[in-house]
Amino acid sequence: MAVASITEQSGRTVVALSGEIDMEEAPKVRRALLDSMKQKRDILVDLSQVTYIDSSGIASLIEGLQAARKQKNDLALVSVSQRARRVLELARLDKVFTIHADLATALATAKS
Amino acid sequence: MAELNPIEVPVNDGLADPLEFAAALSRSFAQTQDIDNTVREALAQIVKLSRVEAGAIFLLDDARANLICRASVGPVDVTGLSVPNGSGIVGRAVTEDQIQIVEQAYQDQAFFAEADRKTGFVTRSILAAPMSVGQTVIGAVEVLNKQNGKPFNAEDQNLLRVMAASSALAISNARMADRLVAQERLQREVELAAEIQRHLLPAEEDEASPICGLVRPIQEVSGDFYDHFELPDGTIAFAIGDVSGKGLNASLLMSQTASLFRCLGKTVRDPARLMSILNREICDTVSRGMFVTMVAGLYEPATGHLRFANAGHIPPLLRRPNQRSVELPADSPPLGILPGSKYETEEVDLNGAQFILCTDGVTEFRFGDEELGTEGLDMLIDTARGKPIGQRLNAVVEELQRAGWRSRDDLTLLAIDDGMAARSIEQRAEAERANPDSSDFLFGLSFPADPKRLRLVRPAIRAAAEACGFDENETEDVLLAAGEAIENIIIHAYGNRRGEIALAIHRMPDGLMLRIRDFAPTVDPAKIQPRKLEDVRPGGLGTHFIRAVMDDASFIPLPDGEGNLLELIKRKR
């Protein structure tokens with residue numbers, strides 16, 4: 001249940017992840033993100049339900065970001081848990097991703 | 001001394017069958033190794049069969065200058081009498097290689113009357129026959145004065161000629177046997193020397209030991225040696241040497257050097273100083289032109305630290321896992337050439353590497369036109385990959401023998417396998433950790449290398465980290481590092497193939513230690529580099545995470561083919 005839901009909200013695709021994103025689950029996240037790209041919208045990845053994420057999970061997020069940028073969309077992270085933030089910081093990717101405090105804030109942000 | 005069987009010869013009308021005599025004589029000689037006794041016995045029979053008053057057998061000495069009486073029968077014993085070759089009737093028989101028949105001794109100018117004068121015996125007639133084997137005369141037998149007073153006749157001549165020839169052959173055989181006995185005696189002495197040498201080598205090699213040596217001499221005694229012994233603090237002193245030259249002299253110098261090393265190696269803790277002392281001692285005693293090449297050193301199994309000095313010997317070969325082997329060169333002179341030679345101590349941290357020493361019998365081994373060299377040796381050591389170092393050395397020798405080892409030189413090998421030492425230290429550490437005062441084993445589990453298992457393993461690690469007193473963030477870090485390590489094994493070590501992973505967690509006074517073991521081919525830790533963080537690409541992050549969140553992450557060297565062991569340590573803040 002790594003990918004809890006994929007919804008469209010205010011012209012963005014919101015991919016909500018949950019649980020433990022490890023080597024076993026990361027491919028599902030990757031697939032979900034790449035599939036979402038087809039909508040050609042900006043993507044918000046909601047990490048509020050993520051209890052564990054490791055390098056495999058981070059790798060899926062990076063791949064998603066790269067794919068989004070390639071088609072001139074953005075991929076931002078939302079409700080990053082303390083745990084996920086720690087891992088992003090370890091990877092020094094906290095500056096690479098746009099991070100929104102919560103979904104409301106993200107949706108209120110003007111489209112890039 | 002063996003008792004002599006009397007020679008029984010059938011007598012027929014006063015004449016013995018010469019062939020029977022010859023056969024009996026040969027049997028008698030075959031049964032004893034004492035030539036003089038046999039010669040006496042033969043002469044007694046000759047005198048009896050010839051029916052004469054006296055007889056003597058003279059044999060040429062080694063220089064063929066004198067004829068020495070080796071046996072005599074008659075009223076006077078002239079055994080030991082020496083006559084210059086060529087003089088006397090006997091001498092004439094020898095020089096002319098002809099039977100001599102003298103009717104009136106005192107009318108023959110050649111007659112050596114001195115003996116009669118000394119003994120009071122009166123020689124009337126003489127029959128003397130040369131004793132020869134092939135073309136070589138070895139002496140002569142003479143008989144004096146027929147008992148019936150008659151002159152010697154043709155029949156007497158024939159009988160004596162045959163008996164002389166038989167005796168000559170038998171004596172020659174007995175001498176050959178004697179030489180063989182002497183050779184055997186020398187052989188036994190050589191065996192004794194070899195036995196002494198074997199005692200100078202380490203008694204028995206322990207296959208589980210991280211240090212192991214072997215020597216294959218081409219002769220019983222060797223000019224090669226090696227030694228190793230443990231000092232009270234656990235340090236191992238070791239040496240390998242090769243004495244110039246062959247044979248007993250070389251082996252005596254080898255024995256001297258090995259004894260000196262065993263004696264001095266216990267107290268002198270600086271290899272360069274040890275070499276200087278050995279050099280001085282050997283210079284004092286060595287015969288001119290001989291010298292010893294040698295590597296001697298000290299190895300600490302606990303740290304992998306090794307110090308050594310090289311006196312003109314083949315450079316040691318350093319074999320690091322998954323790296324090109326390198327020679328550790330040195331250019332100090334051999335021992336025993338110049339008393340003031342300077343030696344230097346080299347240092348190396350083995351870090352799980354193998355340290356291989358050999359003598360030139362190994363590297364100069366020829367495969368056809370090509371010498372084996374250190375590169376060839378390097379390859380041969382991998383013949384028995386994954387085996388303890390002792391078995392690997394044996395495999396090298398077996399390969400050389402299979403390739404037709406006809407080396408002119410002894411084969412000697414000595415190897416240190418720091419990987420094995422590390423493992424036994426690990427076992428020792430494991431035992432120490434079982435002691436609750438230092439650290440304790442919390443749990444261990446083994447599971448298939450399958451990403452699906454990650455989720456199941458994490459709660460156990462979490463519980464262990466919490467049990468060690470880590471806060472939530474630290475616990476999550478431990479979880480992250482362990483997860484990354486296991487994923488690395490699945491992807492890199494096993495390459496997504498099936499395999500097993502063993503995990504052990506220990507509580508330490510100030511934190512936690514995780515040991516993660518796989519059974520995949522050895523991974524080169526140097527290749528597992530954290531990614532460059534500026535390089536934003538998926539993957540390659542795991543190792544970086546592990547190093548970032550743990551206080552220590554290191555591969556514990558295991559013998560080749562036994563997999564990989566990663567140790568992770570996290571300390572409390």
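In chain A, 45% of the 112 residues are buried, a residue being buried if 20 or more other C-beta atoms, placed from the backbone, lie within 10 Å of its own. This is a predicted model, in which local features need pLDDT of at least 70 and side-chain atom pairs count only at pLDDT 80 or more, while totals for chains, interfaces and linings use all residues. Residues are numbered from 1 along each chain as its sequence is written, and chains are lettered from A and ligands numbered from 1 in the order in which they are written.

Chain A has four helices and five strands, where helices (H or I, at least four residues) and strands (E, at least two) are DSSP runs numbered from the N terminus; along the sequence they follow the pattern β-β-α-β-α-β-α-β-α. Of the chain A contacts (C-beta atoms within 7 Å) between residues at least 6 apart in sequence, 72% join residues at least 24 apart.

In chain B, the axes of helix 13 and helix 14 come within 9 Å and cross at roughly 145 degrees, with axes fitted to C-alpha atoms over the stretch in contact and angles running from 0 to 180 degrees between N-to-C directions. The table gives the range of each helix and some of its contact residues.

| Helix of chain B | Residues | Contact residues, among them |
|---|---|---|
| helix 13 | 472–493 | B:Leu480, B:Ala481 and B:Glu484 |
| helix 14 | 542–549 | B:Phe545, B:Ile546 and B:Val549 |

B:Asp410 lies in the loop between helix 10 (389–402) and strand 20 (411–417) of chain B, and counts as buried because it has 24 C-beta neighbours inside 10 Å. B:Asp410 and B:Asp242, although 168 residues apart in sequence, are 8.9 Å apart in space, C-alpha to C-alpha.

Note on methods. Buried ≥ 20, exposed ≤ 12 C-beta atoms within 10 Å, placed from the backbone. Contact = placed C-beta atoms within 7 Å.
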